[in-house]
Amino acid sequence: MIKLVDKQLEVVNKDGLIVLTACPGSGKTTVVACRINRIINTKRLKTYQGVLSLSFTNIAQQSVLKQYKELTSVNLKFPNEIATIDSFIGSHVFRPFSHKLTNSCNQPFKILSVNSQWLNDIYPKLNQFSINGQNIIYTKNGELICQGVSILTADKKRYIQYVKEDMFKKRIVTQSDVNYFSYKLLLKYPFLIENLIRRYPFIIVDETQDCSETQMAIIDLLVNAGHKEIMLVGDPYQAIYEWRDAEPQLFIDKERQPGWQRVELLISQRSGPEICKLLNLFHDKRKINHNPARTELLDAEVKIVSNDNIHQVIKEFLSCAKSKGIEINENNIAVLYGGHKSNANLNKLNIDPISIWKTDFQKIYSLILLGKIFMEQKKYEKAYDQIFKYYYFEEEGKQLISNDDLIDHRLSEINNRVLLWKFCKSIPSLQMNLDEWIIKVNKLINQMNTKLGIKSPKLSMIYKKRGEKNKNLKESLFSNGSKELLADNITMENIHQIKGRTFGAVMLYVDSGSGNYKISINKIEAILKHKDLFNGKYHEEGRCVYVGCSRARRLLWIVGKDKKIESVIKMN
């Protein structure tokens, strides 16, 4: 039985337009699940009406579904719906009505996946301008801007305008484009908004601090059209997606906007008192308290460690977790870092897995090696994705642009998916020389081509780069410390990838002051001096550190090679 504290109960039972600011670990997922249950049981909804709960990540979406089932012992049923905000806008507005943008149903739009590099491959001049094609976005007024580029020259403006116009002609859009065009459709056709209000008279939007301008504009359209029951849940201190057009200031503005009721949850049900104390170092305008009733968290520990041998520190960290009775598995233990460069430092990849292959199809050749690396790291979904991309190219002779290309594609059939998974598990061990590995992989590729019925494969073999040395792959890729680490069943991930998750023990890796790293000791030093996670220098990096630290329940180690870390982060 889930027992709510008084403040949580107040939020569950409150009606109207609500802005809920919830600190890390305050039980907002529990509140959302209980609120959904309360509405279903007490409100007289018509048979076609339901509660709509939106979040910004799949992890958060699954957390609400899991919490609801734990509360009610049943799965949430139609006509109620829990989805990510991107998937909901895409499926309920853009896909069914995008033909109104072109007055034609002949060529449907394809939506690029968020991490797709296709735009920079097709429009190479973007690379010359140091622009990520995914970061070209529309404001709600239709102006084109580029995230991460403070000054757009006339040449850059003309080129990004050309890119967007050409994409539209090809019927290819980014997820940000989907949100913008959906906003324009809702603005032009009011009946669409009216239908949404009738269908979903109660809406909950979780992680609203990560809303983009157009997403918040869609919420405003609903309210302006008469929707009276919307709850926005979020925490601007945990906004870590500004690089993907999130605008946390919009959530802060909503807290002050007339007509919206503001409620705060500032008691952590997740983290012990020492961890809450650490989090409070990052802000002086609010204070997070530990729930004293959670006695199992009273032994929480924070440790600041400097050591050149990071992998030795990880061993000591795991030993400390064991001594506290924290079971070593990927759901309990996490080693977190701030970005791709930090990942390279932490995992110590000695060579680039892409650079060793023949240049004509370098990215495609590398997919099988990347798949094997992910298999060794127990990141099975990512491993499968690499192999699927390889065989899509084998069959189609082109890179996978969008998940829309997979609809009705024969590689998506269950029997072929099983074969691709078997391929993942059959990729040869890295504990051999590169030439031997290539021979075995090419044999495996040909066997799989036969099983999949690919009669005219576009590649059928992979080739290394001329002059590439024939060294042991495992030793070439990983340091000895990394090889040992791969055997441990723990989560090692970028902070952005674990948003919404909780661990018994967390180790946060901090890079040294030199180099352009997402999280470095010099940045943390600046952040802890100004304590401003909205306007101060490195404010988004500060929020990343904040989110990473707040994932821990009982044990938090902050680790770096620079001895300066021990003087910068002071707990006393």
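# Cavities, a pocket and helix packing

Three cavities of 30 Å³ or more are counted in this structure. A cavity here is a set of points, on a 1 Å grid over the protein atoms alone, where a 1.4 Å probe fits but cannot get out. Grid points are joined across faces, edges and corners, and a volume is the space filled by probe spheres set on the points. The model is predicted: local features need pLDDT of at least 70 and side-chain atom pairs count only at pLDDT 80 or more, whereas totals for chains, interfaces and linings use all residues. Residues are numbered from 1 along each chain as its sequence is written, and side-chain values use heavy atoms, with hydrogens and water left out.

The largest cavity holds about 170 Å³ of space. It is lined by 15 residues, of which Leu54, Phe88, Ile218, Ile219 and Leu222 are the closest to its centre; a lining residue has an atom within 4 Å of a point. At least two lining residues come from each of β2 (51–55), α4, β8 (202–205) and α11 (213–224). The helices (H or I, at least four residues) and strands (E, at least two) are DSSP runs, numbered from the N terminus. What is the class of the residues in the lining of the largest cavity? The lining comprises 14 nonpolar residues, one polar residue and no charged residue. In this scheme Ala, Val, Leu, Ile, Met, Phe, Trp, Tyr, Cys and Pro count as nonpolar, Asp, Glu, Lys and Arg as charged, and the others, Gly among them, as polar.

The second largest cavity has a volume of about 40 Å³. Its lining consists of Tyr138, Lys164, Met167, Phe168, Ile172, Val173, Asp177 and Phe181.

An open space may be considered next. A pocket is an open set of points with protein on both sides within 12 Å along at least five of seven lines. The second largest pocket contains about 430 Å³ of space. Among its 18 lining residues, Tyr237, Ile252, Arg256, Lys285 and Phe534 are the closest to its centre. Both α12 (248–256) and β10 (261–265) supply at least two lining residues, and the largest share, four residues, comes from α12. This lining has nine charged, five nonpolar and four polar residues.

Helix α4, which supplies part of the lining of the largest cavity, also packs against a neighbouring helix. The axes of α4 (residues 85–97) and α9 (residues 175–188) come within 9 Å and cross at roughly 55 degrees. That angle makes α4 oblique to α9. Axes are lines fitted to C-alpha atoms, for helices over the stretch in contact, and angles run from 0 to 180 degrees between N-to-C directions; those under 35 degrees count as roughly parallel, over 145 as roughly antiparallel, 65 to 115 as roughly perpendicular and the rest as oblique. The crossing of α4 and α9 is left-handed, a term for a near helix turned anticlockwise from the far one by less than a right angle, with clockwise giving right-handed. From α4, Asp86, Ile89, Gly90, Val93, Phe94 and Phe97 meet Gln175, Val178, Asn179, Phe181, Ser182, Leu185 and Leu186 of α9, contact meaning heavy atoms within 4.5 Å. Of the residues in the contact of α4 with α9, eight are nonpolar, four polar and one charged. Phe181 of α9 takes part in this contact and also lines the second largest cavity.

The axes of α16 (residues 362–376) and α17 (residues 380–396) come within 8 Å and cross at roughly 160 degrees. α16 and α17 are therefore roughly antiparallel to each other. Their crossing is left-handed. Residues in the contact include Ile364, Leu367 and Phe374 of α16 together with Tyr380, Ile387 and Tyr390 of α17. The contact of α16 with α17 divides into eleven nonpolar, two polar and two charged residues.

α17 also packs with α19 (residues 434–452) at an angle of about 65 degrees, with the axes 12 Å apart. These two helices are therefore roughly perpendicular to each other, and their crossing is right-handed. Tyr390, Tyr391 and Glu394 of α17 meet Leu444, Ile445, Met448, Asn449 and Leu452 of α19. Six residues of this contact are nonpolar, one is polar and one is charged.

Two backbone features remain. Most residues other than glycine have a negative phi, and most peptide bonds are trans. Ser73, although not a glycine, has a positive phi of about 70 degrees, and a cis peptide bond with omega of about 15 degrees joins Phe78 and Pro79. Ser73 lies in the loop between α3 and β3, and Pro79 is found in the loop between α3 (58–72) and β3 (81–84).
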